[in-house]
Amino acid sequence: MNNKTLSILSYVTIIGWIVAFVQSKDASPKSDLVTYHLKQGFGIFLFSLVVNILLSVIVTIVPSLYFLSYIGYVIFILWIFGIINAANEQKKPIPVIGQMFEGRFNFIN
């Protein structure tokens with residue numbers, strides 16, 4: 001697979017991320033683009049997991065706060081921005097939350 005495909009695949013579910021991670025480890029010249037999007041994809045996965053767990057707990061305790069569930073749509077839109085950046089082969093962070101993931105997840109290098 002080429003670098004663009006691996007970059008896009010790093011956002012498509014955790015299984016896609018694992019496939020992209022394994023394929024990038026086997027590549028002889030390491031691609032900065034793939035590594036960058038692997039970090040961004042892993043970051044948005046962890047972010048969405050934590051937010052969804054917290055929202056589930058909050059809405060279970062206080063059912064009148066059900067409208068907070070719409071935060072999931074915002075995360076979905078941010079995920080789309082990450083895929084678009086990967087498809088355009090740009091190393092741009094995901095808006096709003098992408099800066100948190102830069103310089104993190106050193107195991108991906």
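Is His 37 buried or exposed? At 0% relative accessibility, His 37 counts as buried, where buried means under 20% relative accessible area, exposed means over 50%, and partly exposed covers what lies in between, as computed with a 1.4 Å probe on protein chains only.

## Basis of the report

The structure is a predicted model, in which local features need pLDDT of at least 70 and side-chain atom pairs count only at pLDDT 80 or more, whereas totals for chains, interfaces and linings use all residues. Residues are numbered from 1 along each chain as its sequence is written, and side-chain values use heavy atoms, with hydrogens and water left out.

## Overall architecture

The protein chain contains 4 helices and 0 strands, and the order along the sequence is α-α-α-α; here helices (H or I, at least four residues) and strands (E, at least two) are DSSP runs, numbered from the N terminus. The C-alpha trace spans about 55 × 25 × 25 Å along its principal axes. Of the 109 residues in the chain, 34% count as buried. Where contacts (heavy atoms within 4.5 Å) link residues at least 6 apart in sequence, 69% of them join residues at least 24 apart.

The chain exposes about 6600 Å², of which carbon and sulfur atoms supply 69%; accessible areas come from the Shrake-Rupley method with a 1.4 Å probe, and for residues only the protein chains shown count as cover. There are 7 positive and 4 negative side chains, and the centres of these two sets lie 4 Å apart. In this count Lys and Arg are positive and Asp and Glu are negative, while His and the chain ends are not counted; each charge is placed at NZ of Lys, CZ of Arg, CG of Asp or CD of Glu.

## Helix 2 and its buried face

Helix 2, which covers residues 13-26, has 14 residues and reaches 20 Å from its first C-alpha to its last, close to the 20 Å expected at 1.5 Å a residue; the expected span is 1.5 Å times one less than the number of residues. Its buried residues are Gly 16, Trp 17, Ala 20, Phe 21 and Ser 24. Seen down the axis of helix 2, these residues fall within an arc of 140 degrees, so they line one face of the helix, the arc being that of the directions from the helix axis to the C-beta atoms. An α-helix has 3.6 residues a turn, so residues three or four places apart point the same way.

The buried residues of helix 2 pack against helix 1 (3-9) and helix 3 (32-61), while the face turned away from the buried side carries the exposed residues Ile 15 and Asp 26. Gln 23 also belongs to helix 2 and counts as partly exposed, at 33% relative accessibility. Not counting residues up to four places away in sequence, Gln 23 touches Met 1 and Leu 6. The C-alpha atoms of Gln 23 and Val 34, which are 11 residues apart along the chain, are separated by 9.9 Å.

Helix 4, made up of residues 71-87, has 17 residues and reaches 25 Å from its first C-alpha to its last, close to the 24 Å expected at 1.5 Å a residue. In helix 4, Ile 75, Leu 78, Gly 82, Ile 83, Asn 85 and Ala 86 are buried. They cover an arc of only 160 degrees around the axis, which puts them on the same side of helix 4. The buried residues of helix 4 pack against helix 1 and helix 3.

His 37 is placed in helix 3. Leaving aside neighbours within four places in sequence, His 37 is in contact with Ser 7, Ser 10, Tyr 11, Gly 82, Asn 85, Ala 86 and Gln 90.

## The segment after helix 4

Just after helix 4, Glu 89 takes a positive phi of about 55 degrees. Gln 90 lies in the segment after helix 4 and counts as partly exposed, at 30% relative accessibility. Apart from neighbours within four places in sequence, Gln 90 is in contact with Leu 33, His 37 and Asn 85.

Two further residues of the segment after helix 4 are Val 96 and Phe 105. Val 96 has a positive phi of about 75 degrees although it is not a glycine, and Val 96 is exposed, with a relative accessible area of 78%. Phe 105, likewise not a glycine, has a positive phi of about 55 degrees, but Phe 105 counts as buried at 18% relative accessibility.
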